[in-house]
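Subject: Structure handover, with notes on pockets and helix packing

Dear colleague,

Please open the sequence and the coordinates first.

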Amino acid sequence: MTLLFACSEKKLENNLHLTGNIKGLKKGTLYVQRVNNNKLIALDTIAIDGNSNFETNIELKSPEMLYLFLDRGVSNSLDNNLLFFAEPGNVNIDTNLENYIADAKVTGSKNQDLYYEFKKVDNRFQEEELGLIEKKFNAIKSNNEKEIATITAKQESNIKRKYLYATNFIINNKDYEVAPYLALSEIYDINMKYLDTIQKSLSPKVTQSLYGKKLTKYIASVKKQQ
C-alpha cells in the first residue's frame with residue numbers, strides 16, 4: 001500500500017491539469033501538442049461541441065512549451081496555434097475565437113508569467129527594429145549613405161541592448177525552466193562566454209530539466225565545432 005501511495009503521489013506531482021475556455025467556439029477540435037524532433041506531436045485531442053470550456057490531464061516529465069492548436073473546421077486561419085509554458089499543477093487558458101492568440105491569457109504557470117514579462121520588453125526591441133528597417137529602406141532608396149550608416153549603428157545598438165536584457169533576465173530567473181528555454185530560443189547565437197555563464201548559473205533542478213539538458217547539449221556541440 002505504501003508503494004502504491006508513493007507512485008500515486010509522484011504521478012500527481014508531474015501532472016498538468018489543463019483547463020480553459022474559448023469564448024465563441026461552438027464546434028471544433030483542440031490538440032495539445034509538443035515539439036519533438038522539429039515536428040509537432042499531438043499529446044491529446046479535445047472535441048468541442050456546444051460547450052466552449054475544456055479540460056484535460058497530461059503527464060509532464062519537465063515543464064515545457066506546448067501548443068494548443070485549434071482546428072476551427074471552417075477556417076485555415078494562421079491564428080490557430082497558441083504557445084504556452086506548461087508545468088505540473090493547474091494551468092488555465094482563457095481566450096476567444098476571434099483573437100485566439102492575441103487575447104489569450106494563461107494563468108497558473110510561473111514560467112508563463114515570466115515568459116509574458118520577458119516578451120513585454122522584448123517586443124519593444126522588435127518594434128524598434130521594424131521602425132529602423134523601414135527608415136533604412138527609405139534611406140537606401142534615396143541613396144543617403146550618411147543616414148544608412150546612422151541607422152545601421154542604431155540597429156547594432158538595439159541588438160546589443162536586446163541581448164543584454166535577455167542575458168540579465170535569464171540569469172535573474174535561473175531557478176525557472178523558462179531561463180534555458182529563452183537562452184535557446186532567443187539568444188542561441190550570442191557569444192559562447194555568455195551562454196557558459198548562463199548555463200553555470202542555472203540551479204541544479206533547472207540544469208536537469210528538459211531545456212536545461214538541451215542547453216548543456218547545445219553548448220557542447222557548438223564548442224566541438226569551434
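What follows covers the pockets and then the helix contacts.

Please keep in mind throughout that this is a predicted model, and that the values below were computed from it.

Pockets

The largest pocket holds about 650 Å³ of space, and its lining is made up of 19 residues. Among these, Val35, Asn36, Leu210, Tyr211 and Lys214 lie nearest the centre of the pocket. Four elements, namely β2 (27-36), β5 (64-71), α4 and α7, each supply at least two residues of this lining. When the lining of the largest pocket is sorted by residue class, nine residues are nonpolar, five are polar and five are charged.

The second largest pocket contains about 300 Å³ of space. It is lined by 13 residues, and those closest to its centre are Leu83, Ile101, Gln112, Tyr115 and Tyr116. Both β6 (81-86) and α2 (110-141) contribute at least two residues each to the lining of the second largest pocket, with α2 giving the largest share, six residues. The lining of this second largest pocket divides into seven nonpolar, three polar and three charged residues.

Helix contacts

Which helix packs against α4 at an angle of about 40 degrees? The partner is α7 (residues 210-225), which packs against α4 (residues 178-186) at that angle of about 40 degrees, with the two axes 8 Å apart. On the α4 side the contact is made by Pro180, Tyr181, Ala183 and Leu184, while α7 brings Tyr211, Gly212, Lys214, Leu215 and Tyr218 to it. By class, this contact of α4 with α7 has seven nonpolar residues, one polar residue and one charged residue. Two of the residues that α7 brings to the contact, Tyr211 and Lys214, are also among those nearest the centre of the largest pocket, so that description and this one are best read together. 

Helix α4 also packs against α3, and the axes of α3 and α4 come within 9 Å and cross at roughly 160 degrees. That angle makes α3 roughly antiparallel to α4, and α3 passes α4 in a left-handed crossing. In this contact, Lys162, Tyr163, Phe169 and Ile170 of α3 meet Ala179, Leu182, Ala183 and Glu186 of α4. The residues of the contact of α3 with α4 comprise six nonpolar, no polar and two charged.

Thr167, Ile170 and Ile171 of α3 meet Thr197, Ile198 and Ser201 of α5. The contact of α3 with α5 is divided between three nonpolar and three polar residues, with no charged residue. Ile170 of α3 takes part in the contact with α5 and also in the contact with α4.

With kind regards

Terms used:
Residues are numbered from 1 along each chain as its sequence is written. This is a predicted model: local features need pLDDT of at least 70, side-chain atom pairs count only at pLDDT 80 or more; totals for chains, interfaces and linings use all residues. Side-chain values use heavy atoms; hydrogens and water are left out. Axes are lines fitted to C-alpha atoms, for helices over the stretch in contact, and angles run from 0 to 180 degrees between N-to-C directions. Contact means heavy atoms within 4.5 Å. Ala, Val, Leu, Ile, Met, Phe, Trp, Tyr, Cys and Pro count as nonpolar, Asp, Glu, Lys and Arg as charged, and the others, Gly among them, as polar. On a 1 Å grid over the protein atoms alone, a cavity is a set of points where a 1.4 Å probe fits but cannot get out, and a pocket is an open set with protein on both sides within 12 Å along at least five of seven lines; lining residues have an atom within 4 Å of a point. Grid points are joined across faces, edges and corners, and a volume is the space filled by probe spheres set on the points. Angles under 35 degrees count as roughly parallel, over 145 as roughly antiparallel, 65 to 115 as roughly perpendicular and the rest as oblique. A crossing is left-handed if the near helix is turned anticlockwise from the far one by less than a right angle, and right-handed if clockwise.
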